Amino acid sequence: MIAGRQLIYLDNAATSWPKPAVVAEAMTDFINRVGANPGRSGHRLSIEAGRVINGARERVAELFGAGDPLRVAFGPNATAALNLALYGLLRPGDHVITSSVEHNSMMRPLRDLETRGTHVTVIPCDQTGMLDPAAVEAAILPSTKLIALTHASNVMGTMLPIAEIGALVGRRNLIFLVDSAATAGIVPIDMTEMGIDLLAFSGHKHLLGPMGTGGLVFGARIEPGQLTPLLRGGTGSRSDAEIQPTEMPDAFESGTPNASGLAGLSAAIDWIQAAGLDQLGEIHSRHISNLIRGLAAIPGLVLFGDRNPLLLTGSVAFTINSCDPGELGFRLDESHELMCRVGLHCAPAAHKTIGTFPTGAVRFSPGAFTTDEEIDMAVKAVAAASEEMLK
Ligand SMILES: Cc1ncc(COP(=O)(O)O)c(C=O)c1O
């Protein structure tokens, strides 16, 4: 609610809003009460700051079934985590397999690595964005080192068969990197059960933490030494040495961390656990189902992704015949107080897959605080805005 008007925020796939109140409270408390640089000094405030960060590590490790909290390397966002994994692992001559629905935080590093001699195979997904595990298996070469996939498309919400592919990656002794930016916080993720070696996450999307939080979680099968750090510098540990420490997480956490942000992320994960990840996921699925049902009834509206809401998460994407998505988004904002994202969603490959490149689509992504009433209002707003545009 802003100045007495009810805003409908359906852009949680970009970043979640609002956040649970405890997030800002924890950040304010950290800044006002603790404030020191963790792991740098021996005084009590520095020790307390380290304790707050370790608390965040424990929560993230538990949430993702990662076991050892020291295997969580924090960074500013999922993009930094994916860059660390890709540049850290891939060398000229290595082969990597990915999908045609990846976000540019996966595709751009891969396209750059390709110019440096890494071989990249992009497996085409079908028109709903679904990936066939048999096609992944068929693309494996003797030089294949890594399979790198998003857990779900950030455009049409299609969930990729991660556990199935994780099992085949394990059988073939490859490394499996998963981008959980679109799913963490609404879909349960267990790295061990799903065979994930490296999990990139965003703290600020469905995990409900503040911007500037994210990281890369290392599974039990991968040795930290298999990755070269992207950044080197002060870690607060081994200050006598001029070379980067190799211990986790310091090897990948140079420089002062976003400690107040991580205090907020801890509080957000506690909030999610108290609300129940399963319950939040169920409410989310209901919103996705209701969006699909409501939007599909609007004349001229084309929905992308599968119609089975169980195969989708995070977002719903659509276009309306002869309505420019940009103009539709503008009208939804101006006349209907509805915030969404239009265009290509930093995922040109996904839009090519569903046939909406280069004009893009409209994306609605509900969040933890979205109500049934807002979903209803959003559907009515699309019907009204498209009617106005088609007049
Ligand atoms: C699927 C996917 N991967 C990666 C990212 C990048 O996340 P971040 O903004 O945390 O870097 C996004 C952001 O929209 C995304 O949707």
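**Figure 1. Strand β13 and its two neighbours in the predicted model.** Gly343 stands opposite Ala361 in β13. Gly343 belongs to strand β12 (residues 341-343), which runs antiparallel to β13 and is joined to β13 by 3 bridges. Strand β10 (residues 316-320) is also antiparallel to β13, again with 3 bridges. In that pairing, Ala317 is the residue opposite Arg363. Strand β13 covers residues 361-364, and both of its faces are covered. Ala361 and Arg363 are buried on one side, and Val362 and Phe364 are buried on the other.

**Figure 2. Helix α2 and what covers its buried residues.** Helix α2 consists of 20 residues, 44-63. From the first C-alpha to the last, α2 reaches 29 Å, close to the 28 Å expected at 1.5 Å a residue. Its buried residues include Ser46, Glu48, Val52, Ile53, Arg57 and Leu63. Also buried in α2 are the glycines Gly50 and Gly55. The cover over these buried residues includes the helices α1 (21-34), α8 (259-275) and α9 (277-296). Strands β2 (72-75), β7 (198-202) and β8 (214-218) are also part of the cover. Just after α2 comes Gly65, with a positive phi of about 60 degrees.

Figure 3. An N or O atom in the side chain of Ser202 is 2.4 Å from an oxygen atom of the ligand. For the side chain of Lys205, the corresponding distance to an oxygen atom of the ligand is 2.5 Å. Ala78 takes part through its backbone, where an N or O atom lies 3.0 Å from an oxygen atom of the ligand. The protein buries 90% of the 390 Å² that the ligand exposes when taken alone.

**Figure 4. Gly195 in a loop and Leu301 in a strand.** Gly195 is placed in the loop between α7 (191-194) and β7. Gly195 has a relative accessible area of 11%, so it counts as buried, the cut-off being under 20%. Leaving out residues up to four places away in sequence, Gly195 touches Gly166, Phe176 and Arg221. Leu301 is part of strand β9 (residues 301-303). Leu301 is also buried, because its relative accessibility is 10%. With residues up to four places away again left out, Leu301 touches Leu295, Phe318, Thr319, Ile320 and Val382. Leu301 and Ser322 are 21 residues apart in sequence, and their C-alpha atoms are 9.8 Å apart in space.

Figure 5. Most residues other than glycine have a negative phi, and most peptide bonds are trans. The bond joining Trp17 and Pro18 is a cis peptide bond, with omega about -5 degrees. His345 counts as buried because its relative accessibility is 1%.

How values were computed
Residues numbered from 1 in each chain as written. Predicted model: local features only at pLDDT ≥ 70, side-chain atom pairs only at ≥ 80, totals over all residues. Heavy atoms only, no water. Helix = DSSP H or I, 4+ residues; strand = E, 2+ residues; numbered from the N terminus. Expected span 1.5 Å × (residues − 1). Buried < 20%, exposed > 50% of the residue type's maximum accessible area, 1.4 Å probe, protein only. Contact = heavy atoms within 4.5 Å. Pairing = 2+ DSSP bridges. Polar contact = N/O pair within 3.5 Å; in protein donor to acceptor, adjacent residues only side chain to side chain. Areas by Shrake-Rupley, 256 points an atom, 1.4 Å probe, with all protein chains shown as cover.
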